[in-house]
Amino acid sequence: MTLPKKDVMVACDFSGRREVMDFLDLFTEEKPFVKIGMELYYAEGPDIVRAVKARGHRIFLDLKLHDIPNTVRKAMAVLSALDVDMCNLHAAGTVAMMQDALKGLTRPDGTRPLLIAVTQLTSTSEERMRSDLLIERPMEEVVMHYASRAREAGLDGVVCSPLEAGRVHEVCGSSFLTVTPGVRFAEGEKGDQVRVTTPAKARELGSDFIVVGRPITQAADPVAAYRRCVKEFLG
Ligand code: C5P
């Protein structure tokens, strides 16, 4: 399947199958690209992926793998067989781990889901990176270095802040994908996100996929909120 180069992904951060299905039932006209994260996957297992896929949604399975290359390769083969469209790992697992992940993801017919890397989590501050991880370089340099290593390993892109999307494209090329959370409507609640941008601003900054959770899932009218995101982001 060919994926659109730019799209809105809805972070379905629900605790169980019923809540997700009730939420997706609201969408009678469109089939949003769905992000399934750890909470839902660990609660419901691979069946939740099959069930959402069977309803015709594209899926980004956000499990952020990080282990020895052999383990990640085998785990990725399992995720690939679930027919997800995108999955991810931590670039900190090294180029060898990322290369093995790609091998595991590649199906016998040569197709595979897109694979993107987490560089530094946005919850990690520069100070914590220095004190806890003993990484002395500035955050931007570290993020760009991890993005370059991901590209060198053959990955398709990174998860990053919309504010980093332009620089990632400069360093890694315009076709290297930037998948960006931290999106809020101009008048909306930030929640626990700190550095936020609107869908329109994310588009201007060069994001390829925006990941939007609560502004859609907690909206009084989630379908209207989704449509507004699409309109602002895709124009
Ligand atoms: O509700 P909200 O729009 O903040 O959801 C953002 C989604 O993106 C959540 O699923 C969150 O876990 C994820 N995410 C993030 N920041 C990252 C990586 C993932 O907010 N750096």
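Arg184 is buried, with a relative accessible area of 6%. Here buried means under 20% relative accessible area, exposed means over 50%, and partly exposed lies in between (1.4 Å probe, protein chains only). Arg184 is found in the loop between β7 (177–180) and α9 (199–205). Helices (H or I, at least four residues) and strands (E, at least two) are DSSP runs, numbered from the N terminus. The model is predicted, so local features need pLDDT of at least 70 and side-chain atom pairs count only at pLDDT 80 or more, while totals for chains, interfaces and linings use all residues. Residues are numbered from 1 along each chain as its sequence is written, and side-chain values use heavy atoms, with hydrogens and water left out.

The side chain of Arg184 takes part in two contacts described here. One of its polar atoms lies 2.8 Å from an oxygen atom of the ligand. The side chain of Arg184 also reaches the backbone oxygen of Lys190, at 3.2 Å. A polar contact is a pair of N or O atoms within 3.5 Å; within protein, one must be able to donate a hydrogen and the other to accept it, and residues adjacent in sequence count only if both atoms are side-chain atoms.

An N or O atom in the side chain of Lys35 is 2.9 Å from a ligand oxygen. Gly213 uses its backbone instead: a polar backbone atom of Gly213 is 2.8 Å from an oxygen atom of the ligand. The protein covers 81% of the 470 Å² of accessible area that the ligand has on its own. Accessible areas come from the Shrake-Rupley method with a 1.4 Å probe; for residues, only the protein chains shown count as cover.

The space taken by the ligand is the largest pocket. On a 1 Å grid over the protein atoms alone, a pocket is an open set of points with protein on both sides within 12 Å along at least five of seven lines. A molecule sits in a pocket if more than half of its atoms lie within 2 Å of its grid points. Residues around the ligand include Ala11, Asp13, Thr122, Gln193, Val212 and Arg214. A residue is near a molecule if one of its heavy atoms lies within 4 Å of it.

Salt bridges were searched for across the whole structure, and 23 were found. A salt bridge is a side-chain nitrogen of Lys or Arg within 4 Å of a carboxyl oxygen of Asp or Glu. Lys35, a ligand neighbour, forms one of them with Asp62 (2.6 Å, N to O). This pair links distant parts of the chain: Lys35 is in strand β2 (residues 33–37), Asp62 is in strand β3 (residues 59–65), and they are 27 residues apart. Lys35 is buried at 10% relative accessible area. Asp62 is buried as well, at 8%.

A second bridge joins Glu140 and Arg167 (3.0 Å, N to O). Glu140 is partly exposed at 45%, and Arg167 is partly exposed at 36%.

Arg149 and Glu152 meet at 2.6 Å, N to O. Both lie in helix α7, three residues apart, about one turn of the helix. Arg149 is partly exposed, with a relative accessible area of 29%. Elsewhere, salt bridges that share partners join Lys5, Lys6 and Asp208 into one network.

Backbone angles were also examined. Most residues other than glycine have a negative phi. Asp83 has a positive phi, near 65 degrees. Asp83 sits in the loop between α4 (69–81) and β4 (86–90) and is partly exposed at 39%. Thr94 has a positive phi of about 85 degrees, although it is not a glycine. Thr94 is found in helix α5 and is partly exposed at 43%.

Helix α5 (residues 94–105) also holds Gln99. The C-alpha atoms of Gln99 and Gly154 are separated by 7.0 Å, with the residues 55 apart along the chain. Arg203, in helix α9, is 165 residues from Met38 in sequence and 27 Å from it in space, C-alpha to C-alpha.

Key:
1 Å grid on protein atoms, 1.4 Å probe; cavity = no way out; pocket = protein on both sides within 12 Å on 5 of 7 lines; lining within 4 Å.
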